[in-house]
Amino acid sequence: MTSPKEPRGLARKRHRAVRVALLTLGWVLLAIGFVGGLLPVLQGWPFAVAGAAILYVESRWVQRKVRRWPQQHPKLEMFWTKARVWLRARRKARETKLRARNSGP
């Protein structure tokens, strides 16, 4: 006997109509976010973030694109890594400074 196939990726096994609805919602939110970024009236980033999150969970194509990004853009990945290390060191120094100030005389 063969065991049932495990769903690949992050998405659970969903009904086809639900999956199509979520993918459509993700793309629509991403488009609204893009348009909102161009228009001064509408804040687009919340829509873009929500759409990107939905698409990342539901679409294997988007997952592959996101995971391949560091390989295709090594300079940007190196810059991102250095920036994260710098921010972490800065946060640690700030916390040390605050502890020293609070435990003072």
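Helices here are DSSP runs of H or I with at least four residues, and they are numbered from the N terminus. With that in hand, the chain reads α-α-α-α from its N terminus on. That comes to four helices and zero strands. Keep in mind that this is a predicted model.

If you take the contacts with a separation of 6 or more, residues 24 or more positions apart account for 47% of them.

Let's start with α2, which covers residues 45-58. Its 14 residues reach 20 Å from the first C-alpha to the last, close to the 20 Å expected at 1.5 Å a residue. Which residues of α2 are buried? They are Gly-51, Leu-55 and Glu-58. Look down the axis of α2 and you'll see its buried residues fall within an arc of 70°, so they line one face of the helix. The face turned away from that buried side carries Trp-45 and Val-49, which are exposed. As for what covers the buried residues of α2, α1 (16-38) and α3 are included.

Is Ala-48 buried or partly exposed? Its relative accessible area is 21%, and buried means under 20%, so Ala-48 counts as partly exposed. Setting aside neighbours within four places in sequence, Ala-48 is in contact with Leu-29, Leu-30 and Gly-33. There's also Ala-31, which is 17 residues away from Ala-48 in sequence and 7.3 Å away in space, C-alpha to C-alpha.

Now on to how α2 sits against α3. Their axes come within 6 Å and cross at roughly 105°. Angles of 65 to 115 degrees count as roughly perpendicular, so that is how α2 lies relative to α3. On the α2 side, the contact is made by Leu-55, Tyr-56, Val-57 and Glu-58. Across from them, α3 brings in Arg-60, Val-62, Gln-63, Val-66 and Arg-67. Sort this contact by class and you get five nonpolar, one polar and three charged residues.

The last stop is where α3 (residues 60-72) meets α4 (residues 74-102). How do the axes of these two helices cross? They come within 6 Å and cross at roughly 95°, and α3 and α4 are therefore roughly perpendicular to each other. From α3, the residues involved are Trp-69, Pro-70, Gln-71 and Gln-72, and they meet Pro-74, Leu-76 and Glu-77 of α4. This contact divides into four nonpolar, two polar and one charged residue.

Conventions
Residues numbered from 1 in each chain as written. Predicted model: local features only at pLDDT ≥ 70, side-chain atom pairs only at ≥ 80, totals over all residues. Heavy atoms only, no water. Axes fitted to C-alpha atoms, helices over the stretch in contact; angles between N-to-C directions. Parallel < 35°, antiparallel > 145°, perpendicular 65-115°, else oblique. Contact = heavy atoms within 4.5 Å. Nonpolar A, V, L, I, M, F, W, Y, C, P; charged D, E, K, R; others polar. Expected span 1.5 Å × (residues − 1). Buried < 20%, exposed > 50% of the residue type's maximum accessible area, 1.4 Å probe, protein only. Arc of directions from axis to C-beta.
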